Amino acid sequence: MSVAHIMAAGMGGIRTAGDLVAWMQLTRRMKITEAKEYVARKLKISVMDLTDEEVMHQVRQDLDIATLPMIADGAAGIAAKCRIAELLDIELNSVNRFKAQLGTSI
Amino acid sequence: MPDKIITRMGDGARIELSREQIQADILAGSRDAADRGKIPELDPDELDQLFEIFADTNRIVAVKPGQEVITTDDAAAMTLIGDQADGGVALPLSAMQSVLTYERVCCADTAGIGHTDYSCKPVKPIVNFEKQKYYTLNQAVTIPLIYGTQPNLGQYFQPDGAFANPSELLPAGKIKEARQAQEAAAEQLRNDLVFVARNLYDVGCDGFNFDTAASAGDADFLAALQAIRELKQIAPKMAIELGMSSEFVLGLHGEITFDGVRLAGLYPHDQVKMAEAVGADIFGPAVNVKATKSTPWNLARAVTFVKETVRVAGIPVHPNVGMGVCGLPLYESPPIDCTTRAAKALVEIGKADGL
């Protein structure tokens, strides 16, 4: 059932820009149109490109924020989230905790 | 176009209806929602749009390019390892393997996890285990990882819990005692919800889902609202999603108010205002399904409620589209034709921000 929803109406997660738009809903309470426009501006692409695998695979690879297929030495998990927080200019609790453990604000 | 359109009853049984029957059911479903919620019906264009979704002869439908939305869930990332009660498929995998598969194979936008019971009360004594699980998974997962739990006030009443059971007190005419028991249990639930969520926050939790809220009525809803308001003060960097259990807050207490609003009887477009007021970041309305009515009737009803909820909401709205809510048949393996039609209709007509 969840997969059916994802295929019928989901943005595609890290295959495209789904996680990035989701972060804007979670951290700034943005509705879908505003969240997509915000992410598109940050990525310097069009809103339609956000769910275009042919565009987003290269964008994510260039920004090193996790992509599919996975790249062996590419950032993923908390490393990717550190980069995503900076890219989107948002604060993430997980990233704050991770940086505190590293003893760095970078 | 064929004379008969294949669709389903609210219990999942496949049926064939004429075009006129589908149109009549859609209109009646929308009118039922409008009448109960005192909200606008779908307009003629929207009724036509919904009819076209049902008339599509393809087994699976989808939203138009550019209209995709965000998916959040109630621990669906764990369904690979869950059993029948969770809609799970019982694969012999670890939680890590299940969640990463959900992220990298299913390509979900977010991933929900939780205790296998998925209620707050059982989590409290093992919260350290849940903290460790969340922390470990969150180091590996890139998409937002959301920890979910049901408030589930029912578990606090005897014989499972410490408080007298209103279901026994009410038939005995002990209304005052039943109300007092609910108030006391709600206070305990609120404390437990805050305890669990605050502990998850301490290990970097990015999102917490109060799922199936108000399942035990207005006292259950009160505990969730109070807990969210408190958490937004002590855990401000953790997003909170509030998902409902039904379209109508049951008045098992009947006199409970919050911020001067009587909770019993609130429909989704009123519930979302409460969610917004306490600081919830995403709201998930649930619209009931009648098993004896057709899916066109049920989905039209759900879309009518969701459209009004989205219209008045200042926060993202992600309708709960699981078994038996928001147009999906009341069946543990919802047919894919209805599932995708519900997704498309709720997004394209209801204007949902996610599912």
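Predicted model: local features only at pLDDT ≥ 70, side-chain atom pairs only at ≥ 80, totals over all residues.
Me: Where should I start with chain A: how many helices and strands does it have?

Reply: Start by counting the elements. Chain A has 6 helices and 0 strands. Along the sequence, the pattern reads α-α-α-α-α-α.

Me: How do I read the overall size of chain A, and what is its radius of gyration?

Reply: The idea is to compare the radius with what a rule gives for a globule of that length. For chain A the radius of gyration is 14 Å, close to the 13 Å that the globule rule gives for 106 residues, so chain A is as compact as a globular protein of that length.

Me: What percentage of chain A is buried?

Reply: Of the 106 residues in chain A, 47% are buried.

Me: Now to helix packing. At what angle do H5 and H6 of chain A cross?

Reply: For a pair of helices, look at the distance between axes, then the angle, then the residues that meet. The axes of H5(A), residues 77-88, and H6(A), residues 93-102, come within 9 Å and cross at roughly 110 degrees. Angles from 65 to 115 degrees count as roughly perpendicular, and H5(A) and H6(A) are therefore roughly perpendicular to each other. Their crossing is left-handed.

Me: Which residues meet there?

Reply: From H5(A) come Ile78(A), Lys81(A), Cys82(A) and Ala85(A), and they meet Ser94(A), Val95(A) and Phe98(A) of H6(A). By class, this contact has 5 nonpolar, 1 polar and 1 charged residues.

Me: What about a pair from two chains: at what angle do H1 of chain A and H11 of chain B pack?

Reply: Follow the steps again. H1(A), residues 2-9, and H11(B), residues 336-348, pack at about 45 degrees with their axes 9 Å apart. H1(A) and H11(B) are therefore oblique to each other, and their crossing is right-handed.

Me: Which residues of H1(A) and H11(B) meet?

Reply: On the H1(A) side they are Ala4(A), His5(A), Ala8(A) and Ala9(A); on the H11(B) side, Ile336(B), Thr339(B), Thr340(B), Ala343(B), Lys344(B) and Val347(B). These residues divide into 6 nonpolar, 3 polar and 1 charged.

Me: Where are there cis peptide bonds to look at?

Reply: Check omega, the angle about the peptide bond. From Leu68(A) to Pro69(A) the bond is cis, with omega near -5 degrees. Pro69(A) is in the loop between H4 (53-63) and H5 of chain A. In chain B, a cis bond joins Gln158(B) and Pro159(B), with omega about 10 degrees. Pro159(B) is placed in the loop between strand E4 (145-149) and helix H6 (166-169) of chain B.

Me: And which residues other than glycine have a positive phi?

Reply: Look at phi first, then at the surroundings. Arg29(A) is one of them, with a positive phi of about 60 degrees. Arg29(A) sits in the loop between H2 (18-28) and H3 (32-43) of chain A. Lys44(A) is another, with phi near 60 degrees, and is found in the loop between H3 and H4 of chain A.

Me: Are Arg29(A) and Lys44(A) exposed or partly exposed?

Reply: Count the C-beta neighbours. Arg29(A) has 19 inside 10 Å and so counts as partly exposed. Lys44(A) has 8 other C-beta atoms within 10 Å and is exposed.

Terms used:
Residues numbered from 1 in each chain as written. Chains lettered and ligands numbered in written order. Axes fitted to C-alpha atoms, helices over the stretch in contact; angles between N-to-C directions. Helix = DSSP H or I, 4+ residues; strand = E, 2+ residues; numbered from the N terminus. Parallel < 35°, antiparallel > 145°, perpendicular 65-115°, else oblique. Left-handed = near helix turned anticlockwise from the far one by under 90°. Contact = placed C-beta atoms within 7 Å. Nonpolar A, V, L, I, M, F, W, Y, C, P; charged D, E, K, R; others polar. Rg over C-alpha atoms; globule rule 2.2 N^0.38 Å. Buried ≥ 20, exposed ≤ 12 C-beta atoms within 10 Å, placed from the backbone.
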